[in-house]
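Reader: I would like to learn how to read a model like this one, feature by feature. Could we begin with the terms and then turn to the case at hand?

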Amino acid sequence: MILSLQALVTYMAGFVMQKAVDKGIKATLISRGVEGDGYTTFIALDNTKIAKQAAEFMAQKMDEKGVVLMLQGVEGATTTAQRRQGFEEVLANYPQMSIIYKRGNFLRNDTMKVMEELYNEGVHFDAIYSHSD
């Protein structure tokens with residue numbers, strides 16, 4: 001038997017994965033890490049590098065100035081933390097750029113609600129960086 005998982009809640013997923021491994025079940029993580037080492041295989045992108053590349057691209061396209069709306073993923077997900085950290089590291093080198101943080105949770109409906117709220121409030125931004133693929 002093989003258990004494959006893309007974790008949203010790292011501590012709970014880590015607990016479940018460890019139980020599976022303890023019973024001899026092969027446990028594969030996809031994209032997001034978990035707390036602990038209770039898994040057999042971990043398949044992931046380099047989210048920090050992706051975020052850095054996105055930030056550098058945006059900075060260049062925006063002539064190193066402006067406001068970026070960051071649509072964050074699920075709170076506590078490793079993907080969310082890494083994509084935020086990498087983006088912030090690069091933008092720290094561009095003092096004329098700033099970030100507005102909103103949570104989209106990797107979900108279309110949540111993101112649509114956030115965008116509607118921003119539109120209704122008249123919030124200005126020049127670009128959108130989303131953690132969602």
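Author: Let us begin with burial: a residue counts as buried when its relative accessible area is under 20%, and as exposed when that area is over 50%. By that cut-off Tyr129 is buried, because its relative accessible area is 7%. Please keep in mind that this is a predicted model.

Reader: Which share of the chain is made up of buried residues?

Author: Of the 133 residues in the chain, 35% are buried. The chain exposes about 8100 Å², and carbon and sulfur atoms supply 54% of that area.

Reader: What pattern do helices and strands follow along the sequence?

Author: The chain has four helices and six strands, and read along the sequence they follow the pattern β-α-β-β-α-β-α-β-α-β. Among the contacts in the chain with a separation of 6 or more, 66% are accounted for by residues 24 or more positions apart.

Reader: In what order do the strands of the open sheet lie?

Author: Three strands form this open sheet in the order β5-β4-β6, with parallel pairing. The edge strands, β5 (97-103) and β6 (127-130), each pair on one side only. Neighbouring strands of the sheet are turned by 25 degrees against each other on average, direction ignored. Strand β4, residues 66-72, pairs with β6 in the parallel sense over four bridges, and Leu69 stands opposite Ile128 in β6.

Reader: Which helix packs on the sheet and touches β4, β5 and β6?

Author: Helix α2, residues 47-61, packs there and touches β4, β5 and β6, its direction making about 175 degrees with that of β6. Helix α4, residues 108-121, also lies across β4, β5 and β6, and runs at about 150 degrees to β4.

Reader: How should I read a pair of aromatic rings?

Author: Such a pair is described by the distance of the ring centres and the angle of the planes. The structure holds one aromatic pair. The ring centres of Phe87 and Tyr129 are 4.0 Å apart and the planes lie at 5 degrees, so the pair is stacked. Because Phe87 lies in helix α3 (residues 78-91) and Tyr129 in strand β6, the pair ties together parts that are 42 residues apart in sequence.

Reader: Is Phe87 buried or exposed?

Author: Phe87 counts as buried, because its relative accessibility is 0%.

Reader: Over which ring does the charged end of Arg84 sit?

Author: The charged end of Arg84 sits over the ring of Tyr101, at 4.1 Å from the centre of that ring.

Methods. Residues are numbered from 1 along each chain as its sequence is written. This is a predicted model: local features need pLDDT of at least 70, side-chain atom pairs count only at pLDDT 80 or more; totals for chains, interfaces and linings use all residues. Side-chain values use heavy atoms; hydrogens and water are left out. Helices (H or I, at least four residues) and strands (E, at least two) are DSSP runs, numbered from the N terminus. Buried means under 20% relative accessible area, exposed over 50%, partly exposed in between (1.4 Å probe, protein chains only). Contact means heavy atoms within 4.5 Å. Accessible areas come from the Shrake-Rupley method with a 1.4 Å probe; for residues, only the protein chains shown count as cover. Two strands pair if DSSP finds at least two bridges between them. Axes are lines fitted to C-alpha atoms, for helices over the stretch in contact, and angles run from 0 to 180 degrees between N-to-C directions. Rings of Phe, Tyr and Trp (its six-membered ring) pair if their centres lie within 6.5 Å; planes under 30 degrees apart count as stacked, over 60 as edge-to-face and the rest as tilted. A charge sits over a ring if NZ of Lys or CZ of Arg is within 6 Å of the ring centre and within 35 degrees of the ring normal.
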